[in-house]
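The stops below are meant to be followed in order.

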Amino acid sequence: MSQNNLVYPVIWQNNSVSLIDQTRLPAEYSYVEIHRSQDMAQAIKTMIVRGAPAIGIAAAYGIYLGARESETSNRDEFIQHLEQVAQMLRETRPTAVNLFWAISRMLKATYETIGTVEEIKQTLLETAHAIHNEDLQTCHKIGDRGLSVLPETPEKLTLLTHCNAGGLATAGYGTALGVVRSAWREGRLSRLFADETRPRLQGAKLTTWECVQEGIPVTLITDSMAAHCMKQNLIHAVVVGADRIAANGDAANKIGTYSLAIVAKAHNVPFFVAAPLSTVDFSITDGRQIPIEERNSAEIYQVGETILTPEGVDYYNPAFDVTPAELITAIITEEGVLTPADLTKYQNKQMV
């Protein structure tokens, strides 16, 4: 962690990748060293690193690690190996589109580099660094862009978020939490309410942890308390992240986001999605085409070593749901605050 208390979940140092082990937070703050592409794939799959932008950054470095593992000097053999590494990484998390975007950008750099295999490897490292650095700049832009759309209130704002879309989910600073951080910096924020986010509790474990590091007042609630809090006029706006946004503005985010959007609509509370343009998947027309990851049922029936349910129960554990565009007040991106209908204007800016 840096001296300014911001968190950076992916760090390139000593010719390897260091990842904050997010499965151990908040009880333990530790890093996992990643030297091989297979280890990176496992880290993504087991959610040592998580959050769509952070997954994309990790995958970019995973591609480079895979390239470094190849000993051939034959370009065709090298590219064939790299495509196998790319496929391994693609299979780790199906919903987060930043994963696929970063892999595609790394492969594009490979195909377009004219030179030796060693020169391609150097290009891949530079491209991974670029993806990493650009995301940090993007998050700061998203945070500051969000200030323009937050409600103007006589008192300081109280915001609500779901899951973790903070520094831990990005290169640093965050998307939804980037907006929160910028509002706090400008003296506009009174308090953040954080949903616990069942079943993996990213809100309880990660979002609150980030806020505590920076002294941002935060109140944890269970997911089922959001409607009550809105009815009590405790929430001025909801700000969440996204793992994939369809071309029409439908947005996939952590399970529970859709119901939160419905509740916000019922109480006339603005509902904002904060995400980089790289999260928009222009290849799909609407949210029905977004693949929804289903995770191990143990996440539902077990907390730590404690089994919560009797034998014989069936389980359904989708990790994400899709919020329809009509429930989204606006999408906060690095290019500005957009209505869902505005997204297609930025299709050509997605790939650098």
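Select Asn233, which is exposed because its relative accessible area is 65%, where exposed means over 50%, buried means under 20% and partly exposed lies in between (1.4 Å probe, protein chains only). Asn233 sits in the loop between helix H8 (226-231) and S7, and its phi is near 60°, a positive value in a residue other than glycine. Helices (H or I, at least four residues) and strands (E, at least two) are DSSP runs, numbered from the N terminus.

This is a predicted model, in which local features need pLDDT of at least 70 and side-chain atom pairs count only at pLDDT 80 or more, while totals for chains, interfaces and linings use all residues. Residues are numbered from 1 along each chain as its sequence is written, and side-chain values use heavy atoms, with hydrogens and water left out.

Two cis peptide bonds can be checked from the backbone. The bond from Leu25 to Pro26 is cis, with omega near 0°, and Pro26 belongs to the loop between strand S2 (16-20) and strand S3 (31-34). The bond from Arg198 to Pro199 is likewise cis, with omega near 5°, and Pro199 is placed in the loop between strand S5 (189-195) and helix H7 (202-214).

The buried residues of H7 are Gln202, Gly203, Leu206, Thr207, Thr208, Trp209, Glu210 and Cys211. They pack against S4, H6, S5, strand S6 (218-221) and strand S9 (251-254). After H7 comes Gly215, whose phi is positive, near 75°.

Now pick Leu192 in strand S5, a residue that counts as buried because its relative accessible area is 0%. Its contacts (heavy atoms within 4.5 Å), not counting residues up to four places away in sequence, include Thr207 and Cys211, as well as Leu159, Leu160 and Thr161. For a distance check, draw a line between the C-alpha atoms of Leu192 and Gln122, which are 70 residues apart along the chain and separated by 43 Å.

Which residues does UniProt list for "binding site"? The unreviewed entry gives Arg50, Gly51, Ala52, Arg93, Gln202, Asn253 and Lys254, and the lining of the largest cavity takes in Arg50, Gly51, Ala52, Arg93, Gln202, Asn253 and Lys254 from this set. UniProt positions are in the numbering used here, feature names are shortened, and annotations may be inferred rather than shown by experiment. A cavity is a set of points, on a 1 Å grid over the protein atoms alone, where a 1.4 Å probe fits but cannot get out, and lining residues have an atom within 4 Å of a point.

Within that set, Ala52 lies in helix H2 (residues 52-69) and is buried, with a relative accessible area of 3%. Arg93, in the loop between helix H3 (75-90) and helix H4 (97-112), is buried at 4%, and its contacts beyond four places in sequence include Arg50, Lys254, Glu293 and Phe320.

Asp243 is the residue that UniProt lists for "active site", again in an unreviewed entry. Select it in the loop between strand S7 (237-240) and strand S8 (244-246), where it counts as buried because its relative accessibility is 9%. Leaving aside neighbours within four places in sequence, Asp243 is in contact with residues including Ala52, Asn253, Lys254 and Phe320.

The last stop is Asp286, in the loop between strand S11 (280-281) and helix H10 (298-301), buried at 13% relative accessibility. Its side chain makes polar contacts (pairs of N or O atoms within 3.5 Å; within protein, one must be able to donate a hydrogen and the other to accept it, and residues adjacent in sequence count only if both atoms are side-chain atoms) with the side chain of Thr285 at 3.4 Å and with the side chain of Arg288 at 2.9 Å. Not counting residues up to four places away in sequence, Asp286 touches Ala246, Asn248 and Asp250.

How values were computed:
On a 1 Å grid over the protein atoms alone, a cavity is a set of points where a 1.4 Å probe fits but cannot get out, and a pocket is an open set with protein on both sides within 12 Å along at least five of seven lines; lining residues have an atom within 4 Å of a point.
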